[in-house]
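Please read each numbered point alongside the display.

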Amino acid sequence: MLFDNIVSKKEWSVYELTSYLRKKVELDILLKNIYLKGEVIRPTLSGEHLYFELKDLEYDAKVKCVYFWFDKKIEVRHGAKVLVKGSVIFYEKEGIIEIKVSEITDIGLGELFVKLKHLEEKLKQEGLFDQKYKKEIPQYPKKIGIVTSKNGAAVRDILNTIYSKFENIEVYIFNCSVQGQNAPYEICEGIEYFNNILPVEVIIVGRGGGAFEDLMAFNDEMVVRKIFESKIPVISAVGHERDYVLTDFVADLRAITPTNAGEIVVSFQNKALEKLDEYRRKMKNLISKKIESSREDLKLKLYRLYQNSPSNKLTKLAQDVDLLSSKLTFLLNKKLHHISSNLKILEKRLSVSGPYVRFTRAKNDYEMLLKRLNMAFKNFWQKKEFEFKIKVEKLIALNPLNILKRGYSVTIHNSKVLTTVKVVSIGDEIVTRITDGIIKSKVFWTEEGADE
């Protein structure tokens, strides 16, 4: 058992203590399903759960309550007097006692809430909240008074808001309590201070957020009447936007937060500054446009002046001369190129058909023909020489002398070669040719067809 483990220890851990308390609470039968009566303070829904505080005004005691899976059809208002049924639990992580509510019954308005409503109605009937008494908040205050706690977050929010935009505004703080029994008196003292001792142009009365009862000083009748009597405009800046106190109704203006109060007192100056910035931008744009327009006009005039100036005309004439010169040069070059081309063509033609060329060509032709003639003659000569040799060889081969050398002879009769006996007669002389001479003889006998 945890309890058995810790009783012998000298020191407890936080977990040991909270766990022990949770078990003690859970085991106590008297804390189960109890009925508890009180006024609802700051009910807040988170998902399906309702969280609030239940307060006993008579003894200024309160306890936290949680209603899991709360039926949203049930209306639970701040300040409502209710009877809740639930069990006491100990939330060990936070170390707090809570009532886990299972039922909640509205038994009418809370006493404090009723008193406050009666006071609001009374003051309203007296005309303290009438619009006709509202003083105008100065648009450009140079001196601002703040009635609040100098240690609270509200005064820092107000100062930061003001000084973030305007550092030349004088802000005076009257330090006072903003909750508790003395708070109403000190708040009233602060309002009187700025009305009678240190006059300012606007007073901010307020504080940061808190529980309903924490804001009660600003529901105090004395404070409400003091704000109404103030000759200086008062801005009420209490809590958050959802928090309403009576000073909000009597003040000349209500700020939803202290920061908003700071924004209000400098809003006109801020708007004026924004307007001034806007005018400055517009003026700057106009001046810029004017300067730009003048610059363009000046450029145009300078251009025209330049166009019409003698030097520009001379320059133009010089440019024209250069242009014409360029054109003339181009045309001349073009003409020269054309002439040169024609000349080259003529030279080419002349080179082809000139006397020298023609002479050279004729000479070449002559030499070529001569060469060919020599060649032809040589060939002809060789051919004829060859034929001659052949014929010589044939002649040599057919030379009768050669035949005679082989023993043959030729007989001639009457200067003719005797080839038949028929032409000779007895007694005719005949000449016989042999290889080494001739023999003359006389025919003594002939016989045709006889062999020797």
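**Helix packing, the pocket and the domains**

1. In this predicted model, helix 5 (residues 183-197) packs with helix 6 (residues 221-229) at an angle of about 10°, and their axes lie 9 Å apart. Angles under 35 degrees count as roughly parallel, so helix 5 is roughly parallel to helix 6.

2. The contact may be followed residue by residue. Helix 5 contributes P184, Y185, I187, C188, I191 and E192, which meet M222, V223, K226 and I227 of helix 6. Of the residues in this contact of helix 5 with helix 6, eight are nonpolar, two are charged and none is polar.

3. The protein is divided into domain 1 (14-111), domain 2 (127-272), domain 3 (356-394) and domain 4 (404-443). The centres of domain 2 and domain 3, taken over C-alpha atoms, are separated by 145 Å.

4. The largest pocket has a volume of about 560 Å³. Its lining comprises 27 residues, and R42, P43, H78, F212 and D243 lie nearest the centre of the pocket. Among the elements that give two or more residues to this lining are strand 1 (34-46), strand 2 (49-56), helix 3 (111-126) and helix 7 (246-250).

5. What is the make-up of the lining of the largest pocket by class? The lining has 15 nonpolar, eight charged and four polar residues. Domain 1 (14-111) and domain 2 (127-272) each supply at least three residues to the lining of the largest pocket.

How values were computed:
Residues are numbered from 1 along each chain as its sequence is written. This is a predicted model: local features need pLDDT of at least 70, side-chain atom pairs count only at pLDDT 80 or more; totals for chains, interfaces and linings use all residues. Side-chain values use heavy atoms; hydrogens and water are left out. Domain bounds come from an automatic or database domain assignment. Axes are lines fitted to C-alpha atoms, for helices over the stretch in contact, and angles run from 0 to 180 degrees between N-to-C directions. Helices (H or I, at least four residues) and strands (E, at least two) are DSSP runs, numbered from the N terminus. Angles under 35 degrees count as roughly parallel, over 145 as roughly antiparallel, 65 to 115 as roughly perpendicular and the rest as oblique. Contact means heavy atoms within 4.5 Å. Ala, Val, Leu, Ile, Met, Phe, Trp, Tyr, Cys and Pro count as nonpolar, Asp, Glu, Lys and Arg as charged, and the others, Gly among them, as polar. On a 1 Å grid over the protein atoms alone, a cavity is a set of points where a 1.4 Å probe fits but cannot get out, and a pocket is an open set with protein on both sides within 12 Å along at least five of seven lines; lining residues have an atom within 4 Å of a point. Grid points are joined across faces, edges and corners, and a volume is the space filled by probe spheres set on the points.
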